[in-house]
Structures are given as structure tokens and as C-alpha cells.
Amino acid sequence: MSAFFSDSRYVQAIKATKKIAQEDYRIVDEELKPVQRALQDLQTALKGRLGQIEVLSKRVGKTQKEALSSLKEIYQRLTDARAIDLDELRTNLRSKKKSIGNFTL
């Protein structure tokens, strides 16, 4: 191993950087909790609206069903997008946590 990598200043710098990264992760994790809850609430609300559209579609005529079908498609796309956003958010956060302390030159 190079003398540079075993130098106490280098070792201390790596430890300090790791500590900062861990604190950054903790802060981001705490700040993301309300975002996750908001996305989950939005997804629940969208699913609820989809259910209401389904019920309403059974009681209306053909023209209204076509309009409701368009609305249903919009709600479904929003629901799917929110699920993907939430999954990506969780995956990215797990990935960041795993890489804390892994530094390369």
C-alpha cells in the first residue's frame, strides 16, 4: 500500500468524510419521510377516485361512460407514476446508504 494511503491524515480525512456522509444520509432520510407519506397519501387518494369512477360508470349512459373512461385513464396514469416515484425514491436512498464510506480516487 502506498504511503499516501496509510498516512494518518488520509485515514482521518476518510473517516471525517464518512461521518459527514452518514450525517447527510440521516438528514435526507428524515426529510424524505414526509415526502414518502405525501406520495403515499396521493396514491391512496388517486386509487379512491378510481374506485369512485368505477362505481359511477355503472350508473351513467354511454356518453358519460366515455368521459369517465378518459378521467379513469388520467387517474390510472397518475397512480402508476406515483408508485414508480415512490419505488425510485426508496431504491435511491437504499443505494446511497450502501455506498456511504466507499471512496475512490
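## Model and conventions

At 25% relative accessibility, Asp-7 counts as partly exposed. Buried means under 20% relative accessible area, exposed over 50%, and partly exposed in between (1.4 Å probe, protein chains only).

This is a predicted model, where local features need pLDDT of at least 70 and side-chain atom pairs count only at pLDDT 80 or more, while totals for chains, interfaces and linings use all residues. Residues are numbered from 1 along each chain as its sequence is written, and side-chain values use heavy atoms, with hydrogens and water left out.

## Salt bridges

The structure holds four salt bridges. The term covers a side-chain nitrogen of Lys or Arg within 4 Å of a carboxyl oxygen of Asp or Glu. One of them joins the side chains of Asp-7 and Arg-9, at 3.2 Å from N to O. Arg-9 is exposed, at 65% relative accessibility. Asp-7 is partly exposed.

Glu-23 and Arg-26 form another salt bridge through their side chains, at 2.7 Å from N to O. Why are Glu-23 and Arg-26 separated by about one helical turn? Because they lie three residues apart in helix H2, residues 8-57. Helices here are DSSP runs (H or I, at least four residues), as are strands (E, at least two), numbered from the N terminus. Both partners are partly exposed: Glu-23 has a relative accessible area of 35%, and Arg-26 stands at 43% relative accessibility.

## A bridge between helices

Glu-54 and Lys-72 also meet in a salt bridge, with 2.1 Å from N to O between their side chains. This pair links distant parts of the chain. Glu-54 sits in helix H2 and Lys-72 in helix H3 (residues 62-99), 18 residues apart. Glu-54 is partly exposed, at 32% relative accessibility. Lys-72 is partly exposed too, with a relative accessible area of 33%.

## Packing of H2 and H3

How do the axes of H2 and H3 cross? They come within 9 Å and cross at roughly 160 degrees. Axes are lines fitted to C-alpha atoms, for helices over the stretch in contact, and angles run from 0 to 180 degrees between N-to-C directions. H2 and H3 are therefore roughly antiparallel to each other. Angles over 145 degrees count as roughly antiparallel, under 35 as roughly parallel, 65 to 115 as roughly perpendicular and the rest as oblique.

The crossing of H2 past H3 is left-handed. That is, the near helix is turned anticlockwise from the far one by less than a right angle; clockwise would be right-handed. By class, the contact of H2 with H3 has 18 nonpolar, six polar and 10 charged residues. Ala, Val, Leu, Ile, Met, Phe, Trp, Tyr, Cys and Pro count as nonpolar, Asp, Glu, Lys and Arg as charged, and the others, Gly among them, as polar.

Gln-36 belongs to helix H2. Is Gln-36 buried or exposed? Gln-36 is buried, with a relative accessible area of 16%. Leaving aside neighbours within four places in sequence, Gln-36 is in contact with Leu-86, Leu-89 and Arg-90. Contact means heavy atoms within 4.5 Å.

Gln-22 also lies in helix H2. Gln-22 is partly exposed, at 39% relative accessibility. Its C-alpha atom is separated by 32 Å from that of Asp-80, 58 residues apart along the chain. Gln-76 is in helix H3 and is partly exposed, with a relative accessible area of 33%. Gln-76 and Arg-49 are 27 residues apart in sequence and 9.6 Å apart in space, C-alpha to C-alpha.
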